[in-house]
2 protein chains.
Amino acid sequence: MSETRPQLNPCIIDTTLREGAQAPGVLFGEEESAEIAHALVSLGIDMVECGHPIISDAEARRVRATVVICGAVPVLAHARARSEDIDSVKATGARWVGIFMGVNAISRNSRIRFKQPVHEVVSKAVGHAKNIGLRVRFTVEDGSRTPWSELVEGYRAALEAGADRLGFADTVGLLCPWEVEDLIGRLSREFAGHDLEVHFHNDRGMANANALSAVRAGARWISSSVNGIGERCGIADTLTLLANLDVLKWRHLRNGRALPYISKLVQAYSRLMVDRWRPIAGANAFTHVAKLHRRAVLSDERAYAWTFPETIGRVNSTDPEVLPSGRERLINRPQLMSATELRPRQRRPGDCYLMLDNSVVPDARQYCIVRRIPEMDDCGEGHADVHRHCVDSVFLFIGHGPALRGLTVEVRLGAEMFVVESPSSVFIPSGLLHSYRVLAGAGLFINHMQAGDYNSSLLDSAIFQSDSGVPVEPAVSR
Amino acid sequence: MSETRPQLNPCIIDTTLREGAQAPGVLFGEEESAEIAHALVSLGIDMVECGHPIISDAEARRVRATVVICGAVPVLAHARARSEDIDSVKATGARWVGIFMGVNAISRNSRIRFKQPVHEVVSKAVGHAKNIGLRVRFTVEDGSRTPWSELVEGYRAALEAGADRLGFADTVGLLCPWEVEDLIGRLSREFAGHDLEVHFHNDRGMANANALSAVRAGARWISSSVNGIGERCGIADTLTLLANLDVLKWRHLRNGRALPYISKLVQAYSRLMVDRWRPIAGANAFTHVAKLHRRAVLSDERAYAWTFPETIGRVNSTDPEVLPSGRERLINRPQLMSATELRPRQRRPGDCYLMLDNSVVPDARQYCIVRRIPEMDDCGEGHADVHRHCVDSVFLFIGHGPALRGLTVEVRLGAEMFVVESPSSVFIPSGLLHSYRVLAGAGLFINHMQAGDYNSSLLDSAIFQSDSGVPVEPAVSR
């Protein structure tokens, strides 16, 4: 079909913990980073990119925790072309440093300002990293807006100073696939014998296609993140990339059935939920709706599928959730709780009403209970095991007294305990361990979650299965 | 750079109202369809694809309403290769029919089963459509898995019977961009002089790139939907496509500043919310986070942007919402309502507490009020103007009496009124007009929404601006 030869078995460096950690609103802690790294290792990722340790002590600790959990899988951390940045990478125990530098006019004027010539800065930084025993990836930032001669000058200086891999970053997501083939092909020929890594942003919606085009043009390493999260519109999606490489027979997919869980884990900790029609992990990805489609899929599962969904932890569904027609169906008179039995709950005082969830209004995508707490002598011990969800939720405490006062509750958020007086709301971001119990008084407890089914919103590491179908222990005990 | 010549000024047929209406859970009514069509016309879309009228009378009415609102812009409706389907398209007033047929082995066995040879079925269907005065697009479904000879046979039969345009559907999202260039290039040469339309599904995350590659290879028409919604992972996204074509200088973008509103409108009516890092319309699309990025953008707005965001209704932001650090900051003691003044509210009895929103906990992405309603002689008239949101919400009514009884409320959903006794929940899907007022009793009214700011979640057609900056009247009065 074409004369170019794709890189067989291209390597993947996942940068969820560096680029993804730069997405708006994202703040991964040490434990979250370690848990995500553990999941990445189980997928057979070749290298894990994590953090920019010069930023802060917390960032450096996060990188160190990731290095520990990754074991034999090398970790790369980010550094500007400065000795102090590079030293801070070394101090984390990471084996690789990713030195990045913008060399074009926009970069020189608006990003990092250097007085020396580019080749001197590059040479000095890469040389320093090699001297202290790090392996080096040198990346030209905003490569797509960098004139060829400047690109080549930067890369040559890095190679001469001992860089182990060259990085090309389409930093603002500018390239189209045919431009990628041209440019990456040209770079592969110019620097034949050296490993080339590519990093594509998704601002124009083409990061995934660009990553595959780059492999075809000779790139040996692809940089990607789980769910494609990153600055602005993010980058190529690790899960989509792995599934695509498998279908193309360019790289075998290991532990494919874990893909949906890994997506959910990163959604929870990043608070960046994928939309329902996201490839691979989206709720609708293997749901067939039109009558013609449903009938065909029941007769031949390939009829409307590009892969066997079971290989990536999904199943074909011909039964989408649909809001009931008839507006009176949107109004619900709740029953004493029974329709949805909550998995982590223990003994809970008072009466509990299920106000809304998918069992009450199909496809409501919200869960809400109201619990009426009477005046009691003994409110008992824990009302729920400590647990966490993959979606945001909120607790409301409303007392029966004047101005909604009169209820005192103890709330656990992570490892901390708080005593809360009504009226109060407690916002519980996805992924945060929590529990609660009433201490005194009477009133209402309301729990509202951004998921239509309580139990399936639980983020439970036990559902993360190994290739053999055996549950994998969570990386981090809490 | 390459020898292929892109189609200058390619035409766009938007199929939000046909393919998008097939997405899981989506049900567009007549008014919603007309309002979306109106928005599409304002974007300068060349043709609007809407519905499959043989399905039901409601579907036929929906197509008819769209034909009326589109005026001079032609509407195309879907039909299997059967006379009764084609007649039902004619009856709607649509000028174009899209006849589709799977001709490969998978299609013949699992989709539509024909006893006659393909060319006879095609010939008869297209001939019938032409006879009754329709213009015809003939599409080979699942074209990417159809052998070349069968593709050509189907298209030839259609052209001989008078088809006006050939359609190629990558029905299961199988193709990579380089395969698109080969295959669409070959089809363009084989059927030179005839218009070719392409329709790419996004199952492998490459629909947008494939659409551009097809234009480069000679396709004259692109099929796409707003936000890319459709069966499973959807198709190429109209908004991303238009912005990309504009940047490539292949097609001028008209009314670009309306793109975010049109995205929001379709999100509301489809209940399919785009994720935050969606190109063009996503909340994060032009938000710059890393310190280096923020500083650079302030010094040069092109530093991390592929386009001038103002041209597509966005602005660069260097101030992302971030959850506060410190878990005690997640706990809020509400004040009597004042922080968020609700736009559509009128006189409301009782005391109202703002429990949670972005002003209380930054980036909470939820809004919740609690209103305590005392026993009253006169509850007054409307408590809020009839309004709608671009997100789902819920009302809870909880009485002060035994078993949460004791409050009676009137709720308006669309054009219907309901009397609701507590305890009750009312689920309000995004886009549904609603209002409420208390009739009798005492208790609590709780309003919970899946948005962190009440006012900006209002779906208000007045923000839809024309090219001149003048608000465009909503297409449909309610």
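The model is predicted, and local features need pLDDT of at least 70, side-chain atom pairs count only at pLDDT 80 or more, and totals for chains, interfaces and linings use all residues. Residues are numbered from 1 along each chain as its sequence is written, chains are lettered from A and ligands numbered from 1 in the order in which they are written, and side-chain values use heavy atoms, without hydrogens and water.

Chain B is superposed on chain A by a rotation of 180° with 0.0 Å of shift along its axis, the RMSD being 0.0 Å. The two copies are thus related as by a two-fold rotation axis. Superposition was by least squares on the C-alpha atoms of residues with pLDDT of at least 70 in both copies. The residue of chain B that comes closest to the rotation axis is B:D275, at 2.5 Å (C-alpha). Of the interface residues of chain B, 100% are also interface residues in chain A, so the copies meet through the same surface; contact means heavy atoms within 4.5 Å.

In chain B, 8 strands form a closed barrel in the order 1-2-3-4-5-6-7-8, with parallel pairing. Strands are DSSP runs (E, at least two residues), numbered from the N terminus, and two strands pair if DSSP finds at least two bridges between them. Strand 2 (residues 47–50) and strand 3 (residues 75–80) of chain B pair in the parallel sense over 2 bridges. Here B:V48 stands opposite B:V75 in strand 3 of chain B.

Chain A is divided into domain 1 (11–270), domain 2 (291–317) and domain 3 (346–457), with bounds from an automatic or database domain assignment.

How values were computed. Helices (H or I, at least four residues) and strands (E, at least two) are DSSP runs, numbered from the N terminus.
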